[in-house]
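Subject: The two-chain model

Hi,

Here is the structure I promised to pass on. Please open it alongside this note.

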Amino acid sequence: MRRLFTDTLVIAERNLVRLPRAPELLVAFTVQPIMFVLLFRYVFGGAIKTPGYSYADFLIPGIIVQNIAFGGFVTALGLNEDLHKGLIDRFRSLPMARAAVLAGRTLADVVTNGLSATILVITGLIIGFSFHTSVPHAIAGGALLLLFGYAFSWVFAFLGMLVSTAEAANSVGFIAVFPLTFISSAFVPVQSMPSVLRAFAEVNPFTLTVDAMRSLWLGAPAGNNIWGAVVWAFAIIVVFAPLAVARYRRAAGQ
Amino acid sequence: MVARLRPMSHDPSTTADGRSALRPQGNGSREAAVSASGLVKSYGSVKALVGVDLEVAHGTVMGLLGPNGAGKTTIVRILTTLLKPDAGTARVAGLDVVADAAVLRERIGLAGQYAAVDENLTGLENLTMVGRLYGMARADAKRRGNELLERFDLLDAAGRAAKTYSGGMRRRLDLAAALVANPPILFLDEPTTGLDPRSRLQLWETIEGLVADGTTVLLTTQYLDEADRLATEISVIDHGRVIAGGTPDELKDRVGGERLEIQLDDASRAEAAAQALASMADEAPGIGGDLVTVGVHRRGGAIVEAVRRLDEAGIGVEDIALRRPTLDDVFLALTGHAAEGDDEDDREAA
């Protein structure tokens, strides 16, 4: 167990150290989310009615959740690359805890997600977002965000090993997750959607998580959103972590 | 092939393919560094290994020689615990590759054609990471990494990301990573594939240095000159089985010792030349245009004898040379023939 812990940290460190040296990844974590915030705030912001909130307040929790969900992309790309470049073989030939390869990878995502969420919050504060709740609430929101991102890292870990190339991992992940993030309360109130989409949006984990964030950061009525979001996150982990591990065993054992 | 289901025996006569030459010389009490028996592995309907027996003595170099897809990499993956065999057993460093896999991983090093290093980490970071995954403290791992970088002439590039390395440097870094824990047994999967001749030679010298220090090496290669240069023993692998084995010299002898190649002035005299030389060899000389080939038993005096005979018969010689068979000849002879032919050859050799 101690071995699993230290090996996980070594692998997580490896994934973080290499990040600044892959400029395209760093851009994905920093510049891209800022760009989206600015586009939504200033291009769509004027046209979208968000009763009770300014669009900046409405937008930031939504766009942060979307951004965090995609944070696991690095895991999909990285695992795919490791498999094809033989690094997984190297790891498996070492006397290390085998689970550490996946655990370290997803743990590194938590750090990068935290970084990218911080950048987004700062950007938000500059364009007019503000916290309407207490510090503990705001921190709880941050924790929920990281938990949600962690859950999606396992989804991406699975997808990354399911497909044959890094490019395919990219597009499959995008096609699977992008619509999910849009058919939710992230960018527009779900009440404005046609009834079929609205029915989907209301049970979508993104909607629950975004609404939970809004209650933790803006003081919106919480309902069951917070518990719903936590349950969703754990459910995703319970389903996708074993899938990813099984896939890892299969992919590596050939 | 019947013999594959039987356990390894020290009696050479029990293996149908006559691989007696693979047995370590003497010292029967000490377990071999690597021993495998009856390894079988399939991927779906593709049979990668159909029954492989191997034995590698301590301190020697075993070369697995064979074309792409012969099963060499599968053997290495099984011996390094990356893959479980469908049937058969293998022991490395006295440990079972399946039952004792976790302990075994501390005693072996694996490097290969993919040069499995993290391109975004520096040379030192790569080695430090591997050291820490072997359970070393960070400072120890770093010290060991620096030692290896110095030994492999990579110290100048220690702080550079591995993606800036040349192919040869990357391969050396990969090999260094395999040596972090000082493993007594090293597995090299096509260590020089894709390298330029200079890097290749460098890597050969490095491997020879490791062997001189007592490391046991099992390497796979498609290159006959590589096996010839590095290997103490060679196992020729084809279609998932060992089709022949022995020292490089033994394998060459199996193809029929040395050959005298005589190029004639006049192709029309080839028959006459073959007749004049016939008593020098067991088999009838081969004729191809103006080239006559004679298998000879003894090197000494063969050229002089041949020239004298041809001179007496009044046949002009353009060129004459004694050629040792290369492993290319061995390989073609072994894989080009049907299996029953191989067995015939093997029994003769044994």
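Below is what turned up, going from the core to the chain contact and then to the strands and helices.

A word on conventions: residues are numbered from 1 along each chain as its sequence is written, and chains are lettered from A and ligands numbered from 1 in the order in which they are written. This is a predicted model, where local features need pLDDT of at least 70, side-chain atom pairs count only at pLDDT 80 or more, and totals for chains, interfaces and linings use all residues. Helices (H or I, at least four residues) and strands (E, at least two) are DSSP runs, numbered from the N terminus.

**Core.** A nonpolar core here is a set of buried Ala, Val, Leu, Ile, Met, Phe, Trp, Tyr and Cys residues joined through C-beta atoms within 7 Å. The largest core has 144 residues, and A:Val65, A:Phe148, B:Val34 and B:Leu79 touch the most other members. Helix α8 (residues 135–162) of chain A gives the largest share of this core, 13 residues.

**Chain contact.** Residues are in contact if their C-beta atoms, placed from the backbone, lie within 7 Å. Chain A brings 19 residues to the contact and chain B brings 24. On the chain A side, α6(A) gives the most, with five residues. That side divides into seven nonpolar residues (Ala, Val, Leu, Ile, Met, Phe, Trp, Tyr, Cys and Pro), eight charged (Asp, Glu, Lys and Arg) and four polar (the others, Gly among them).

**Strands in chain B.** Strands pair if DSSP finds at least two bridges between them. An open antiparallel sheet of four strands has the order β2-β1-β4-β5. Strands β2 (46–56) and β5 (95–96) stand at its edges with a single partner strand each, so one side of each has no neighbour in the sheet. Eight bridges join β1 (residues 34–43) to β2(B), and B:Ser35 stands opposite B:Glu55.

Do have a look at β3(B) (residues 61–65) too: five of its five residues are buried, so this strand is largely enclosed by the rest of the structure. It runs parallel to β8(B) (residues 216–221), with five bridges, and parallel to β9(B) (residues 233–238), with four. B:Val61 stands opposite B:Val217 in β8(B), while B:Gly63 has B:Ile234 as its bridge partner in β9(B).

**One more helix.** α7(A) is followed by A:Gly128, whose phi is positive, near 115°.

Best wishes

Methods:
A residue is buried if 20 or more other C-beta atoms lie within 10 Å of its own, exposed if 12 or fewer, and partly exposed in between; C-beta atoms are placed from the backbone. Two residues are in contact if their C-beta atoms, placed from the backbone, lie within 7 Å.
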